[in-house]
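Subject: Structure for you to look at

Hello,

Here is the structure I promised to pass on. Please open it and keep it beside you while you read my notes.

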Amino acid sequence: MWNVNLSDINGIRFIDWSTMNTKFQIRNTYFLFVSLLWFSCTNNDQIERINIDYMHWSTTTMFTIDCGYFDIIFSDHVGKKEFTDRSLLRSIENELASLEKRNNLTRLDTLKIDIRIKSHIHYRSGRTDTLCLGLISYTVLNDQIMSDNNNLFGIFRNELYPDFKWHIGFGVDAFMEIN
């Protein structure tokens, strides 16, 4: 019907693969495959920033506060902070990767959750996770109760409460102000 030269359309040259050397085709295909594999395996979902709402460490309530009620109950009384330091974010990423979902929870376990730190973790991909922490224990990630990670607690406590020295012994936190 139409006689179109596909090797040159609008100044763009097309290669006729049928006439090329097979060795060249295999090498280029291998390079393309390895490149795509490398790009798909790189971690593009790094933490970009963390926005944190937190209560003073000595805040007490007559009832426990879970992650869902934190904003409602403490809305006007929270401190706010943002983590953007790359080395701090990398430390938090490493600790988050080690968290595991807790299984075999009793009703009492879920009732004891008492949150004092609520953070929104923003990733470069646009995803946002919600991480809630108690002062002593209780880790909730996206409404899932996770295993506690003392290093993760330590990172948040040291950044949010730098004027206090934290002593943990016999399962009970004792707080001592540094003078």
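**What I found**

Asn142 is partly exposed, with a relative accessible area of 36%. The terms work like this: buried means under 20% relative accessible area, exposed means over 50%, and partly exposed is in between (1.4 Å probe, protein chains only).

A word on the source. This is a predicted model, in which local features need pLDDT of at least 70 and side-chain atom pairs count only at pLDDT 80 or more, while totals for chains, interfaces and linings use all residues. Residues are numbered from 1 along each chain as its sequence is written, and side-chain values use heavy atoms, with hydrogens and water left out.

**The loop between β7 and β8**

Asn142 sits in the loop between β7 (139-141) and β8 (144-146). Helices (H or I, at least four residues) and strands (E, at least two) are DSSP runs, numbered from the N terminus. Asp143 is found in that loop too. Is Asp143 buried or exposed? Asp143 is exposed, with a relative accessible area of 66%.

Now check the backbone. Most residues other than glycine have a negative phi. Asn142 has a positive phi, near 50 degrees. Asp143 has a positive phi as well, near 65 degrees.

**Asp129**

Which side chains make polar contacts with Asp129? One is Asn142, at 2.9 Å. Another is Arg127, at 3.4 Å. A polar contact is a pair of N or O atoms within 3.5 Å; within protein, one must be able to donate a hydrogen and the other to accept it, and residues adjacent in sequence count only if both atoms are side-chain atoms.

Asp129 lies in strand β6. Asp129 counts as buried, at 9% relative accessibility. Leaving out residues up to four places away in sequence, Asp129 touches Ser119, His120, Ile121, Tyr123, Leu141 and Asn142. Contact means heavy atoms within 4.5 Å.

β5 (117-123) and β6 (128-133) run antiparallel and are joined by six bridges. Two strands pair if DSSP finds at least two bridges between them. Ser119 has Leu131 in β6 as its bridge partner. β5 and β6 form a hairpin with four residues between them. In the turn, Gly126 has a positive phi of about 105 degrees. Three bridges join β6 to β7, and these strands also run antiparallel. Leu133 stands opposite Thr139 in β7.

**The cores**

A nonpolar core is a set of buried Ala, Val, Leu, Ile, Met, Phe, Trp, Tyr and Cys residues joined through side-chain atoms within 4.5 Å. How many residues has the largest one? It has 25 residues, and those with the most contacts inside it are Phe83, Ile92, Leu96 and Phe156. β3 (47-54), α3 (86-97), β5, β6 and α5 each supply at least two residues of this core. The largest share, five residues, comes from α5. A second, separate core of eleven residues includes Met55, Ile115, Cys132 and Val140.

Helix α5 covers residues 150-160. Its buried residues include Phe153, Gly154 and Arg157. At the start of α5, a side-chain oxygen of Asn149 reaches to within 2.9 Å of the backbone nitrogen of Asn151.

**Asp66**

Last stop. Asp66 lies in the loop between β3 and α2 (67-74). Asp66 is partly exposed, at 33% relative accessible area. A polar atom of the Asp66 side chain lies 3.1 Å from the backbone nitrogen of Tyr69.

Best wishes
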